[in-house]
Structures are given as C-alpha cells and as structure tokens.
Amino acid sequence: FQQIGIMLFELCGLSLSIGAYRWVWENYRLFDIDAKENVMLCYVCLMLGKDLGYYWYHRTLHEFHVMWASHSVHHSGEDYNL
C-alpha cells in the first residue's frame, strides 16, 4: 500500500518530498548558494541534502510501529534486496 500511495501523490503532482524539502529550505537554511556561479558546490550540497533526507525518512520507518508494519517486508526476505 505504501507504493500505491506514493504513486498516487506523484500522479496528482503532489510530491511530499518536494514540499518537505521546500519547508526545510524556507525555515532552516543556513546559507544561499548561487547555482550559476557554483554549479558543483550546489550539486554536492543537493546530493548530500537528499541523502540526509532519505536517511531520516528510512529511520522513521524503523522507529514508529505504524510505519514499520508496512516497511518490515523490505527486511524480511531470505535474500538481500533493495
């Protein structure tokens, strides 16, 4: 059901991740980077920020029982998979 929900949000153009990243950027940004002048720095910061966001999202799935119920299937296979 988790994947169906994500697909529905993407089909409707309502991406939770974009909203979350925008909220964090508007409220907690430490500095601004001019993307035209510092392309590589901007790319690295975005990559690290995206990875940090995914880490906390995945950790949240492990910490709360309601979310773990749908996420535990990912960890219960006999063979390791992504």
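Predicted model: local features only at pLDDT ≥ 70, side-chain atom pairs only at ≥ 80, totals over all residues.

I began with arginine 22, which counts as exposed because its relative accessibility is 53%.

Residues are numbered from 1 along each chain as its sequence is written, and side-chain values use heavy atoms, with hydrogens and water left out.

Which side chain does arginine 22 meet in a salt bridge? I found glutamate 26, at 2.9 Å from N to O. The rule I applied takes a side-chain nitrogen of Lys or Arg within 4 Å of a carboxyl oxygen of Asp or Glu. Side chains of opposite charge can pair when their charged atoms come close. Glutamate 26 is partly exposed, at 43% relative accessible area.

Both arginine 22 and glutamate 26 lie in helix H2, 4 residues apart, or about one turn of the helix. An α-helix has 3.6 residues a turn, so residues three or four places apart point the same way.

**Entry: the salt bridge count**

How many salt bridges are there by this rule? I counted 2. Aspartate 32 and arginine 29 meet through their side chains in a salt bridge of 3.1 Å, N to O. Aspartate 32 is exposed at 57% relative accessibility, while arginine 29 is partly exposed at 40%.

I looked at arginine 29 again for its contact with a ring. Its charged end sits over the ring of tryptophan 25, 4.2 Å from the ring centre. To count, NZ of Lys or CZ of Arg must be within 6 Å of the ring centre and within 35 degrees of the ring normal.

**Entry: aromatic pairs**

Next I searched for rings that pair, and the structure holds 3 aromatic pairs. Tryptophan 23 and tyrosine 28 have ring centres 5.4 Å apart and planes at 70 degrees, so I wrote this pair down as edge-to-face. The rings considered are those of Phe, Tyr and Trp (its six-membered ring), with centres within 6.5 Å; planes under 30 degrees apart are stacked, over 60 edge-to-face, and the rest tilted. Tryptophan 23 is partly exposed at 47%, and tyrosine 28 is exposed at 54%.

The rings of tyrosine 54 and tyrosine 57 have centres 6.3 Å apart and planes at 45 degrees, so that pair is tilted. Tyrosine 54 and tyrosine 57 both lie in helix H3, 3 residues apart, about one turn of the helix. Tyrosine 54 is partly exposed at 48%, and so is tyrosine 57 at 39%.

**Entry: helix H3**

I stayed with H3 and checked its length. Its 25 residues should span 36 Å at 1.5 Å a residue, and the end C-alpha atoms are 36 Å apart, which agrees. The expected span is 1.5 Å times one less than the number of residues.

Which residues of H3 are buried? They are Cys42, His58 and Leu61. Cysteine 42 has 17% relative accessibility, so it counts as buried. I also noted that cysteine 42 and aspartate 32 are 10 residues apart in sequence and 9.5 Å apart in space, C-alpha to C-alpha.

Valine 44 belongs to H3 too, which covers residues 39-63. Valine 44 is partly exposed at 34% relative accessibility. Together with Met40, Tyr43, Met47 and Leu48, Val44 makes a nonpolar surface patch of about 530 Å². Patch residues have over 30% relative accessible area and no salt bridge; like charges are joined within 9 Å, and nonpolar side chains (Val, Leu, Ile, Met, Phe, Trp, Tyr) within 5 Å.

I picked alanine 20, found in helix H2 (residues 16-28). Alanine 20 is partly exposed at 41%. Alanine 20 and glycine 53 are 33 residues apart in sequence, and their C-alpha atoms are 9.1 Å apart in space.

**Entry: the whole chain**

Last, I stepped back to the protein chain, which has 4 helices and 0 strands. Helices (H or I, at least four residues) and strands (E, at least two) are DSSP runs, numbered from the N terminus. Along the sequence, I read the pattern as α-α-α-α.

Of the 82 residues in the chain, 5% are buried. The accessible surface is about 7,800 Å², and 66% of it belongs to carbon and sulfur atoms. Areas come from the Shrake-Rupley method with a 1.4 Å probe; for residues, only the protein chains shown count as cover.

How values were computed:
Buried < 20%, exposed > 50% of the residue type's maximum accessible area, 1.4 Å probe, protein only.
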